[in-house]
Amino acid sequence: MTEPSKVIHVRNVGHEISENDLLQLFQPFGVITKLVMLRAKNQALIQMQDVPSAVSALQFFANVQPSIRGRNVYVQFSSHQELTTADQNAQGRGDEQPNRILLVTIHHMLYPITVEVLHQVFFPHGFVEKIVTFQKSAGFQALIQYQSRQCAVSARTALQGRNIYDGCCQLDIQFSNLDELQVNYNNERSRDFTNPNLPSEPKGRSSQPGYGDAGGMYGVQASGARPVALPQMANAAAVAAAFGGGLPPGISGTNDRCTVLVSNLNPDQIDEDKLFNLFSIYGNIVRIKLLRNKPDHALVQMGDGFQAELAVHFLKGAMLFGKRLEVNFSKHPNITQGADTHEYANSNLNRFNRNAAKNYRYCCSPTKIIHISSLSQEVTEEEIVNLLEQHMPIVNTKLFEMNGKRQALIMFDTEEQATEALVCKHATSLGGSIIRISFSQLQTI
């Protein structure tokens, strides 16, 4: 058994777990002096102020399974007695071997990142041969192939942790295990700078589906990636475009049950429109029925089985109005239309009738930060705050423009507060515009 140390080794740290999540887990046991995230290994190292603080933490977690964002994490004493500068420089990269191909993850991405933007950032450090971009559960990622390993090492040393734009779009750079990138098209998502004669991609298809698994071990060539059987439905192309030919972790894509049973609702505060606002994040809504004989139960019929699976996966266990939701597939294949059902099939508030791929990409469990779009150009930050803090206090706000459209990020203390703001205020009028609210996957603003 490893001897006690003030450094704690944490395993099974998924990409959805932030530094702040780990700080909140261990701060009750004492002062934390250092934290190193080893993203490539899904691990972290936490240094407490002294050994007794670390011992207290591990004694407590010997009897209580630590869990963050629904994921069990596993803790033990580290073989390190003290974190060194070398350990901290390894943050996010584990024990990777230098390679001419870099895997780049963009955090806090408030502005669009294209191949051209990445080329401008990386080419000062050497000749960039190829770039491939894709979307994964970890966020927006890119593979960048240099002509030489020395150039890649230089680029990572100079750019790791830097922001592309002021205050956002932070670079998290690792070495990839790939030997050669395969680029089939030259367009805004992929580029072979050694072969300018490649065709541009046929519209509506996903650029480099083989790299959709690059969020795993980064060691599988495109030709060896396991193909995913996409659901047989009209929006399969949008699903493929959203997830790079794969599916989010935990989603099978094989469910064909469209109706979801929601229980443990707060009957005094819930209604059909609030349920629509929440479930429409994951797909189009056909109809909703509150069960009069069970006031804390409701049935929600989604547009198809894949959308229902997203809703069950991301909302199970979510907190709303003081209750922890139970979300499961219903035994009923659909909801029979009647006087006690609310119809939404033709609602122009269904999000997936337009930009389906983008909406699928933004699906996630409730977070502390909501994103507001469709704001009028004249709306002020004060007006947004006044609308939302009727329900709960606001921690932070950010009002910005992207592609000429006014948008906002609002941060609350808890996921539950953010969820209540979304269900109560999505599709309401502010400054003459019907605002649109969704969860943001940013960790902070």
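Is N42 buried, partly exposed or exposed? In this predicted model, in which local features need pLDDT of at least 70, side-chain atom pairs count only at pLDDT 80 or more, and totals for chains, interfaces and linings use all residues, N42 counts as partly exposed because its relative accessibility is 27%, where buried means under 20% relative accessible area, exposed over 50% and partly exposed in between, with a 1.4 Å probe and protein chains only. Residues are numbered from 1 along each chain as its sequence is written, and side-chain values use heavy atoms, with hydrogens and water left out.

N42 is found in the loop between β2 and β3 (43-48), helices (H or I, at least four residues) and strands (E, at least two) being DSSP runs numbered from the N terminus. Most residues other than glycine have a negative phi. The phi of N42, however, is positive, near 55 degrees. A positive phi, of about 60 degrees, is also found in S374, which is not a glycine; S374 lies in the loop between β20 (369-373) and α10 (381-388) and, at 41% relative accessibility, counts as partly exposed.

The loop between α1 (19-26) and β2 (32-38) holds G30, which is partly exposed at 25% relative accessibility. When residues up to four places away in sequence are not counted, G30 touches M48 and S53, contact meaning heavy atoms within 4.5 Å.

Helix α7 (residues 272-279) is mostly covered, with six of its eight residues buried, namely E272, L275, F276, N277, L278 and F279.
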